[in-house]
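Here are my notes after going through the side-chain packing. Have a look at the model first, then see whether you read it as I do.

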Amino acid sequence: MESFSNFFGPTWPLVWTLAKIVAIVLPIMGCVAYLTLAERKVIGFMQVRLGPNRVTFFGIRWLGGLAQPIADALKLLTKEIIIPSGANKVLFLMAPVLSLMPALAAWAVIPFDPELVLANVDAGLLYVMAITSMGVYGVIIAGWASNSKYAFLGCLRSAAQIVSYEIAMGFALVGVLMMSHSLNLVDIVKQQQGGLGALSWNFIPLFPMFIVYLISGVAETNRAPFDVAEGESEIVAGFHVEYSGMAFAVFFLAEYANMILVSTLTAVMFLGGWLSPVPFLPDGFPWLVAKVGFVLFLFLWFRATFPRYRYDQIMRLGWKVFIPVTLVWLMVIGGWMQTPYWPWK
């Protein structure tokens with residue numbers, strides 16, 4: 001490190017920060033690509049569809065179709081980006097970037113272990129809530145700039161849905177804040193460290209909050225059964241109906257990057273992050289990977305098994321169920337913490 005520092009001189013802090021950003025973003029993009037393959041495999045298995053589970057790698061069966069995401073990327077790269085004649089061209093091309101940017105920027109404060117974090121800031125949780133709430137702008141701008149009624153209907157649906165479920169997610173995170181007394185994500189994980197392993201994690205005292213946050217995360221990412229913003233049978237793919245080629249691919253990347261982000265945040269705030277579930281095994285990054293993989297599997301499971309909800313059902317669930325549940329449980333937790341019977345001290 002010292003030799004690199006001497007070589008780059010005063011620009012070394014900037015170079016080192018950029019290197020860490022690349023080291024985070026590139027694996028995430030790789031995970032996004034192969035999450036699409038995992039989704040095909042998992043849903044194909046659950047729905048007993050043979051095609052996704054029989055695809056090969058240039059005829060090599062045991063490699064299991066590892067070239068499929070690469071083929072998809074090459075196909076989208078070679079397709080033309082067609083901009084509708086009545087569209088606002090600047091906003092039309094800016095919208096996919098605005099959707100992907102928050103999903104990547106939030107990783108700046110995500111801790112992978114006690115020392116491995118790009119920016120260990122005290123207001124990390126506040127930063128995550130602020131930056132992820134910007135993702136809705138990409139959807140709204142895409143629907144409006146496309147000059148299409150179907151796209152506009154999709155973006156209006158998405159805006160209402162995201163705002164509704166963000167309130168419930170925010171209240172769920174207030175419970176995490178009450179448990180940890182900190183907005184720092186590293187401190188939130190360390191607060192879950194106890195001699196009881198998984199029994200010390202936040203998902204036990206905050207179980208209703210955990211369920212609300214997980215389901216709201218599915219709604220925030222516009223994933224089935226909350227994919228009314230893209231309702232193919234109703235509004236012809238919704239807000240991105242006019243997009244093609246790499247512009248469409250960026251929306252696709254943003255959806256899967258948001259899935260990974262929500263899964264990681266769920267693991268960090270409710271499932272102990274990098275902490276081991278049993279006291280006799282060491283903590284470490286592999287535990288975080290396993291927990292994120294488990295939550296991602298739930299995303300795929302939901303898509304494979306649940307039909308799309310009606311829009312009024314989605315709004316009713318967010319406003320009349322999730323928000324009251326989180327408010328009631330916040331009062332329960334607040335009162336419980338003031339008694340001598342609170343075990344998570």
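The points below cover the cores, the aromatic pairs, the cysteines and one lysine.

1. First, a caveat: this is a predicted model, so please read every value below as computed from it.

2. The largest nonpolar core has 69 residues. If you want a way in, start from the residues with the most contacts inside this core: Trp107, Leu185, Tyr213, Met269 and Phe270. Helix 12 (residues 245-270) supplies the largest share of the core, 13 residues.

3. Leaving out residues up to four places away in sequence, Phe270 touches Ala172, Val176, Gln192, Trp201, Asn202, Phe203, Leu206, Met209, Phe210 and Tyr213. Phe270 is also part of an aromatic cluster, where ring pairs link it with Trp201, Phe203, Phe207, Phe210 and Tyr213.

4. On aromatics in general, the count comes to 17 pairs. One of them is Trp107 with Phe112, a stacked pair at 6.0 Å centre to centre with 10 degrees between the planes. Both Trp107 and Phe112 are buried.

5. Compare Tyr165 and Phe322: the ring centres are 6.0 Å apart but the planes sit at 80 degrees, so this pair is edge-to-face. The pair ties together distant parts of the chain, with Tyr165 in helix 8 (residues 149-180) and Phe322 in helix 14 (residues 311-337), 157 residues apart. Tyr165 has 0% relative accessibility and therefore counts as buried. Phe322, at 6%, counts as buried too.

6. How many disulfides are there? The count comes to zero. As for individual cysteines, Cys31 is partly exposed, with a relative accessible area of 45%, while Cys155 is buried at 1% relative accessibility.

7. Lys291 is the residue I'd ask you to check by eye. Lys291 lies in helix 13 (residues 285-305) and is buried, yet has no salt bridge. Which side chain of opposite charge is nearest to Lys291? That is Asp283, 7.3 Å away, whereas a salt bridge needs the charged atoms within 4 Å. Setting aside neighbours within four places in sequence, Lys291 is in contact with Trp201, Ala267, Leu271, Gly272, Gly273, Trp274 and Leu275. Trp201 turns up again here: this residue belongs to the aromatic cluster in point 3 and also touches Phe270.

Definitions and conventions. Residues are numbered from 1 along each chain as its sequence is written. This is a predicted model: local features need pLDDT of at least 70, side-chain atom pairs count only at pLDDT 80 or more; totals for chains, interfaces and linings use all residues. Side-chain values use heavy atoms; hydrogens and water are left out. A nonpolar core is a set of buried Ala, Val, Leu, Ile, Met, Phe, Trp, Tyr and Cys residues joined through side-chain atoms within 4.5 Å. Buried means under 20% relative accessible area, exposed over 50%, partly exposed in between (1.4 Å probe, protein chains only). Helices (H or I, at least four residues) and strands (E, at least two) are DSSP runs, numbered from the N terminus. Contact means heavy atoms within 4.5 Å. A disulfide is a pair of cysteine sulfur atoms within 2.5 Å. Rings of Phe, Tyr and Trp (its six-membered ring) pair if their centres lie within 6.5 Å; planes under 30 degrees apart count as stacked, over 60 as edge-to-face and the rest as tilted. Lys and Arg count as positive and Asp and Glu as negative; His and the chain ends are not counted.
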